[in-house]
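Student: I would like a close look at one part of this model, taken step by step. Please keep to what can be read from the structure.

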Amino acid sequence: MPEQNSQEWFESFYSRNYKLVYRICFTYMKNSTDAEDCTEDVFVKVFTGNFTFTDEDHEKKWLTLTAMNLCKDKLKHWWRKKTDIDECPEIKDENAPQTDETLEIVMQLPTKYKDVVYLHYYMDYKTDEIATMLGKPPSTVRNHLSEARALLKRRLGG
């Protein structure tokens, strides 16, 4: 196994995790260009930082949280607030991950619900793991999941 933080290790790390990070970024950014930028930023952070991962599960959790937080920060950026993205022409991207109606509605939920629903149902994390990742009590995560399910039920029509 290559030494962590070597060029060989990073190439393996990148190829092993690229799709995961890109999928997360795409669900937040909703277009391939911004998703690619955010994905690149996540990997630059790993490449330039001095991170040590204990195993692939630790990598996956760190990358998931980092990608989510980076996307949220970019969505809050002043430039994005000044630009009406709806006025931009839509570009079809055949490489974009497929989204269904449910995922689109999940991504429209308030952040506290969107994060827990995505982590639980799309990434298969348990509520205790999500609580640890988000720094919240497990009961709060379970409440957010319950409230999110009620919202989704209303928006999806049962």
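Tutor: Asp-124 is found in the loop between H6 and H7. Bear in mind that this is a predicted model. The mean pLDDT of the protein is 82, and 82% of its residues reach 70 or more. Confidence is lowest in helix H4, residues 78–82, where the mean is 54, and highest in helix H2, residues 32–48, at 92. Where pLDDT is low, the coordinates should not be read in detail.

Now the loop residue itself. Asp-124 is not a glycine, yet its phi is positive, at about 65°. Most residues other than glycine have a negative phi. Asp-124 is also exposed, with a relative accessible area of 60%.

Lys-30 can be set beside it: this residue, also other than glycine, has a positive phi near 65°. Lys-30 lies in the loop between helix H1 (7–29) and H2.

The buried residues of H7, which spans residues 127–134, are Thr-127, Ile-130, Ala-131 and Met-133. These residues are on the same side of H7 because they cover an arc of only 165° around the axis. Among what covers the buried residues of H7 are helix H3 (56–76), helix H6 (111–122) and helix H8 (138–156).

Definitions and conventions. Residues are numbered from 1 along each chain as its sequence is written. This is a predicted model: local features need pLDDT of at least 70, side-chain atom pairs count only at pLDDT 80 or more; totals for chains, interfaces and linings use all residues. Side-chain values use heavy atoms; hydrogens and water are left out. pLDDT is the predictor's confidence in each residue, from 0 to 100. Helices (H or I, at least four residues) and strands (E, at least two) are DSSP runs, numbered from the N terminus. Buried means under 20% relative accessible area, exposed over 50%, partly exposed in between (1.4 Å probe, protein chains only). The arc is that of the directions from the helix axis to the C-beta atoms. Contact means heavy atoms within 4.5 Å.
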